[in-house]
Amino acid sequence: MTEQLSVKDWLDQGLKTLARRGFTALKAEPLAKAMGVSRGSFYWHFADIGAYRAAILSHWREVAAEQVIAELETIPQGGDALALLLRRAFSARLALERAVRSWATADAAARAAVLEVDQRRIGYIETLLRQAGFPDDVARGRAQIFYWAFIGYALSEQALPKPRQQAAIDELLRMAKR
């Protein structure tokens with residue numbers, strides 16, 4: 001790379017590395033090598049690997065929850081944000097989701113980030129269900145069910161054939177309408 005790297009460049013590379021190789025690969029030397037720069041570039045932006053990993057978790061929260069929600073919030077009134085969210089969630093590649101959750105089994109900071117993202121996502125789904133006219137208790141219960149379904153899907157590395165996957169998404173969408 002001939003241009004100077006930004007913090008975001010390092011964080012984006014970290015998310016790619018995390019998704020491909022897991023949290024143990026988040027080390028200055030291999031990351032710098034992958035980006036074609038010296039370790040000095042890493043340390044220009046981050047005090048140490050702990051600071052980098054904390055920034056990675058913050059960046060993941062932004063990408064995995066806040067950006068998705070912000071995008072859905074741009075849908076015009078009357079648009080079906082929940083249907084779009086469900087279709088998107090159940091057709092995404094989820095290696096990064098699995099990697100962060102694996103990291104959370106071994107690291108308290110990662111675990112806290114996952115719990116925060118889980119609560120944010122569930123809360124947003126609950127809000128969408130309330131906006132669709134569901135009573136609070138039903139919205140809360142269905143939001144949890146939808147999220148459990150997503151987590152099961154995310155952690156399952158066995159892909160469904162497209163027709164079965166679409167049937168599952170269709171059933172979730174029916175639950176979102178009743």
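1. Let's start with helix 7, residues 108-131, in this predicted model.

2. At the start of helix 7, a side-chain oxygen of Asp 107 comes to within 3.0 Å of the backbone nitrogen of Ala 109. After helix 7 comes Gly 133, with a positive phi near 105 degrees.

3. Which helices do the buried residues of helix 7 pack against? They pack against helix 4 (49-72), helix 5 (81-89), helix 6 (95-104), helix 8 (136-155) and helix 9 (162-177). The buried set includes Ala 110, Ala 113, Val 114 and Val 117, and charged side chains are also among them: Asp 118, Arg 121 and Glu 126.

4. Now the largest pocket, which holds about 510 Å³ of space. Its lining counts 22 residues, with Ala 64, Val 68, Ala 89, Arg 121 and Phe 150 nearest the centre. Helices 4, 5, 6, 7 and 8 each give two or more residues to this lining, and helix 4 gives the most, with 6. By class, the lining has 18 nonpolar and 4 charged residues, and no polar ones.

5. Do turn to the second largest pocket as well, with about 360 Å³ of space. It is lined by 19 residues, and Gly 79, Asp 80, Ala 81, Leu 128 and Gln 131 are the closest to its centre. Helix 5, helix 7 and helix 9 each contribute two or more lining residues. Here the classes are 12 nonpolar, 4 polar and 3 charged.

Terms used. Residues numbered from 1 in each chain as written. Predicted model: local features only at pLDDT ≥ 70, side-chain atom pairs only at ≥ 80, totals over all residues. Heavy atoms only, no water. Helix = DSSP H or I, 4+ residues; strand = E, 2+ residues; numbered from the N terminus. Expected span 1.5 Å × (residues − 1). Buried < 20%, exposed > 50% of the residue type's maximum accessible area, 1.4 Å probe, protein only. Contact = heavy atoms within 4.5 Å. Polar contact = N/O pair within 3.5 Å; in protein donor to acceptor, adjacent residues only side chain to side chain. 1 Å grid on protein atoms, 1.4 Å probe; cavity = no way out; pocket = protein on both sides within 12 Å on 5 of 7 lines; lining within 4 Å. Points joined across faces, edges and corners; volume = space filled by probe spheres on them.
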